[in-house]
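I opened a new notebook page for this structure. My plan is to look up one thing at a time and write down what turns up.

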Amino acid sequence: MITVEELVVRYGSATALDGVELQVGAGEMVALVGPNGAGKSTLVDTLSGVVRPASGRVATEGRFAHVPEGRQLFGDLSVEDNLRLGAWRVRDRDPRHVYGVLPDLEGLRGRRAGALSGGQQQMVAVGRALMGRPDVLAVDELSLGLAPKIVDDLVRHLVRLNREEGMAVLLIEQNARLAFEVCSRAYVLEAGRVVAAGACDELARGSAVARAYLGGG
Ligand code: ATP
């Protein structure tokens, strides 16, 4: 569903991604972890076409949606209007199927997005991405600034969509422990390069990744 080959992205003279290879297959839930500034957001911005590669190839299959870092909601608009904005490319602007997946949003539909808690806003951002009924969803820093219980809740919704509806997920997270709990495979990005990739349980047993990202080893 996502193919990234020999991807190089530069901002002026700075190289943000340097030969990145990554795949997400149909029905997979894959983690992309790494420290601040590693290039994670750049990768997903390239997938969504916001950033142009200097060289290499990115491709997505089916409908692709992206929950951006920092949510990027329209704070003065209602929850429902924010959801409808997620549907600008498809004919179906009816948010009812999103309320079916994230029932808490229905009760908030008339509220101003900017007045919601961080967790509620993140739920709106996920709901907005789901409006287009994506086959593959990239989620950038779901957990940032949110309490663990709220993050758990949101992640459970993503896991359910993955398991029950086969939606492929690329979970981009600084919180590797969380990402490894729910994903089957992971890529570790450091300074624009993939430094480790493989099954989460195997990476968690490998001491370097475990020490650096999981607080173990
Ligand atoms: P974070 O979690 O902090 O967002 P990240 O892993 O997503 O980190 P990126 O935001 O992709 O990393 O940044 C990768 C590198 O590219 C960093 O060195 C960053 O400073 C640089 N960078 C990102 N966006 C731009 C830009 N618009 N112009 C110049 N440099 C940029």
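Entry 1: I am working with a predicted model. I started with E80 and R109, whose side chains meet in a salt bridge at 2.9 Å, N to O. I then looked up where the two sit. E80 belongs to helix α2, while R109 lies in the loop between α4 (104-107) and α5 (118-130). They are 29 residues apart, so I noted the pair as a link between distant parts of the chain.

R109 is at 36%, which makes it partly exposed.

I also asked which residues join this pair in a network. E80, R84, E106 and R109 are linked by salt bridges.

**Entry 2: other salt bridges.** The count for the model comes to twelve salt bridges. I picked out R193 and D18, with their closest N and O atoms 2.7 Å apart.

Next I checked D94 and R96. Their side chains meet in a salt bridge at 2.5 Å, N to O. D94 is partly exposed at 26%. R96 is exposed, with a relative accessible area of 60%. As a reminder to myself, side chains of opposite charge can pair when their charged atoms come close.

**Entry 3: helix α1.** How many of the eight residues of α1 are buried? I found six, so this helix (residues 40-47) is largely enclosed by the rest of the structure. The buried ones are K40, T42, L43, V44, T46 and L47. I noted that the list includes a lysine, K40. After α1 comes G49, and its phi is positive, near 85 degrees.

**Entry 4: the second largest pocket.** I looked up its volume, which is about 210 Å³. Which residues line this pocket? I wrote down H97, V101, L130, R133, P134, D135, L161, E165, G166 and M167. Two elements give two or more residues to the lining: α3 (96-101) and α6 (148-165). Sorted by class, the lining has five nonpolar, two polar and three charged residues.

**Entry 5: Y99.** I stayed with helix α3, where Y99 has its place. Y99 is buried, with a relative accessible area of 4%. I then took the distance from Y99 to A179. The two are 80 residues apart in sequence and 25 Å apart in space, C-alpha to C-alpha.

**Entry 6: a nonpolar patch.** Last, I turned to the surface. F74, L77 and L85 form a nonpolar patch there. Together they have about 250 Å² of accessible area. Where is L77 found? L77 is in the loop between β5 (64-67) and α2 (79-85). Its relative accessible area is 32%, so L77 is partly exposed.

Key. Residues are numbered from 1 along each chain as its sequence is written. This is a predicted model: local features need pLDDT of at least 70, side-chain atom pairs count only at pLDDT 80 or more; totals for chains, interfaces and linings use all residues. Side-chain values use heavy atoms; hydrogens and water are left out. Patches are made of residues with over 30% relative accessible area and no salt bridge: like charges are joined within 9 Å, nonpolar side chains (Val, Leu, Ile, Met, Phe, Trp, Tyr) within 5 Å. Accessible areas come from the Shrake-Rupley method with a 1.4 Å probe; for residues, only the protein chains shown count as cover. A salt bridge is a side-chain nitrogen of Lys or Arg within 4 Å of a carboxyl oxygen of Asp or Glu. Helices (H or I, at least four residues) and strands (E, at least two) are DSSP runs, numbered from the N terminus. Buried means under 20% relative accessible area, exposed over 50%, partly exposed in between (1.4 Å probe, protein chains only). On a 1 Å grid over the protein atoms alone, a cavity is a set of points where a 1.4 Å probe fits but cannot get out, and a pocket is an open set with protein on both sides within 12 Å along at least five of seven lines; lining residues have an atom within 4 Å of a point. Grid points are joined across faces, edges and corners, and a volume is the space filled by probe spheres set on the points. Ala, Val, Leu, Ile, Met, Phe, Trp, Tyr, Cys and Pro count as nonpolar, Asp, Glu, Lys and Arg as charged, and the others, Gly among them, as polar.
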